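User: I'm new to this structure. Could you take me through one part of it, the stretch with a domain annotation, and then show me where that part sits in the rest?

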Amino acid sequence: MANSPSGDSMLDRIVRILDSFDPKTPKLSVAALARRAQIPRATMYRLIEDLVGHGLLARDHEGQISLGLRLWELANRSAATQDLRTAALPFMEDINQLLGQNTQLAMLHQDDVLVIERLSRPGSVVNQASVAGRMPIHRTSMGMALLAYSPAPVLEDYLSRHEEAVLDYHPRLRHELAEIRRRGYATFDGFIDPETTGAAAPILDGQGYAAAVLAVVVPRGSATLPAAAMALRTAARGISRALGYAADG
């Protein structure tokens with residue numbers, strides 16, 4: 001794609017525009033969007049017109065810009081996430097009803113845990129996970145379960161960039177990961193909210209690596225945690241089988 005005078009391509013600029021939105025700022029003025037994306041305002045107006053025309057951005061009656069529904073439509077055509085969500089939802093509904101807590105499905109994406117589905121439950125504890133939201137790998141049970149069941153090169157690559165931060169939370173990281181693999185699930189207290197405990201079990205692919213993770217958050221100190229963890233492990237195995245993977249171990 002053609003480069004701008006600053007050297008970045010049209011695709012670079014479009015990605016920066018789309019990346020400017022987050023859960024706390026789902027709508028932005030043109031001026032704010034131009035600042036965040038580091039694109040001159042005159043250029044931003046032209047790009048917004050094109051992106052709104054294609055449905056990738058939307059503009060409300062006050063002129064505020066947000067992500068367009070076509071992005072949601074395109075994202076839901078992803079075979080990997082669509083197959084996973086279809087297989088996981090019946091098991092998520094069972095866990096949600098059994099435990100009475102919010103239940104989420106997530107994958108490893110770049111340096112974060114990406115939540116791809118969540119079932120809410122009235123009266124459940126505080127849960128920071130939201131669909132399409134990202135969470136830190138080493139500060140969540142979801143991320144630690146994913147790391148424990150990742151190929152060695154994935155773990156080493158992550159540590160090469162974040163080892164100091166990870167070891168601040170997990171000084172015996174490799175021992176912890178081995179223990180997660182031994183039990184088949186991860187549990188951690190209060191990394192995101194001090195009053196809660198996260199529990200997560202990996203959904204394994206045909207090679208025994210984590211394709212995704214199934215998780216809940218329960219009150220810290222809850223007597224139901226061991227049963228919740230085992231229920232997650234059983235459900236995660238069921239999802240693996242539904243996806244056509246062996247689920248032994």
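Analyst: Residues 8-69 have their end C-alpha atoms 26 Å apart, and the span is 52% helix and 13% strand. Helices here are DSSP runs of H or I with at least four residues, strands are runs of E with at least two, and both are numbered from the N terminus. Keep in mind that this is a predicted model: local features need pLDDT of at least 70, side-chain atom pairs count only at pLDDT 80 or more, and totals for chains, interfaces and linings use all residues. Residues are numbered from 1 along each chain as its sequence is written, and side-chain values use heavy atoms, with hydrogens and water left out.

The label for 8-69 comes from an unreviewed UniProt entry, which lists "domain: HTH iclR-type" there; such annotations may be inferred rather than shown by experiment.

Now zoom in on helix 2 (residues 30-37) and helix 3 (residues 41-53): they pack at about 105°, with axes 9 Å apart. The axes are lines fitted to C-alpha atoms over the stretch in contact, and angles run from 0 to 180 degrees between N-to-C directions. Helix 2 and helix 3 are therefore roughly perpendicular (65 to 115 degrees).

Who touches whom? On the helix 2 side we have Val30, Ala31, Leu33, Ala34 and Ala37, meeting Arg41, Met44, Tyr45 and Ile48 of helix 3 (contact means heavy atoms within 4.5 Å).

Stepping back, the domain assignment, automatic or from a database, gives domain 1 (10-74) and domain 2 (78-243). Their centres, taken over C-alpha atoms, are 32 Å apart.

Technical notes
Parallel < 35°, antiparallel > 145°, perpendicular 65-115°, else oblique.
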